[in-house]
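Please consult the sequence and the structure shown here before reading on.

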Amino acid sequence: MKRKPVKVKLIGRKGKAYQIKFPNLKIPVTVDEYLYNKMLHSAEYQFCNSGSAVKKTYSA
């Protein structure tokens with residue numbers, strides 16, 4: 001059985017840290033830039049931002 005991706009929302013950015021809201025948590029989780037980029041490119045997470053676009057940046 002295949003898992004559905006977790007729908008998360010990017011709340012904001014503070015310096016090099018990103019605040020991400022998970023559906024079953026009341027407070028946002030703060031992650032560094034490396035982990036944010038891994039989540040952004042992973043099939044396990046789907047970023048759903050209503051009203052604002054998330055810019056996907058790809059680097060080598």
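Leaving aside neighbours within four places in sequence, Q19 is in contact (heavy atoms within 4.5 Å) with K9, L10, I11, G12, K14, P28, V29 and T30. Q19 is found in strand β2, where strands are DSSP runs of E of at least two residues and helices are runs of H or I of at least four, numbered from the N terminus. Q19 is buried, with a relative accessible area of 19%; buried means under 20%, exposed over 50% and partly exposed in between, with a 1.4 Å probe and protein chains only.

The model is predicted: local features need pLDDT of at least 70, side-chain atom pairs count only at pLDDT 80 or more, and totals for chains, interfaces and linings use all residues. Residues are numbered from 1 along each chain as its sequence is written, and side-chain values use heavy atoms, with hydrogens and water left out.

**Nonpolar core**

- The largest nonpolar core has ten residues: V8, L10, Y18, I20, F22, V31, Y36, M39, L40 and F47.
- Such a core is a set of buried Ala, Val, Leu, Ile, Met, Phe, Trp, Tyr and Cys residues joined through side-chain atoms within 4.5 Å.
- Two or more residues of this core come from each of β1 (6–14), β2 (17–21) and α1 (33–41).
- With three residues, α1 gives the most to this core.

**Helix α1**

- Y36, M39 and L40 are the buried residues in α1.
- These residues cover an arc of only 100 degrees around the axis, so they lie on the same side of α1; the arc is that of the directions from the helix axis to the C-beta atoms.
- The cover over the buried residues of α1 includes β1, β2, β3 (29–32) and β4.

**Aromatic pairs**

- The structure holds three aromatic pairs; rings of Phe, Tyr and Trp (its six-membered ring) pair if their centres lie within 6.5 Å, with planes under 30 degrees apart counted as stacked, over 60 as edge-to-face and the rest as tilted.
- Y18 and Y36 form a stacked pair, 4.0 Å centre to centre with 10 degrees between the planes.
- This pair links distant parts of the chain, as Y18 in strand β2 and Y36 in helix α1 are 18 residues apart.
- The pair of Y36 and F47 is edge-to-face, because the ring centres are 5.7 Å apart and the planes are at 75 degrees.
- Y36 in helix α1 and F47 in strand β4 (residues 45–47) are eleven residues apart, and their pair also links distant parts of the chain.
- Y36 is buried at a relative accessible area of 4%, and F47 is buried at 17%.
- Y18, Y36 and F47 form one aromatic cluster.
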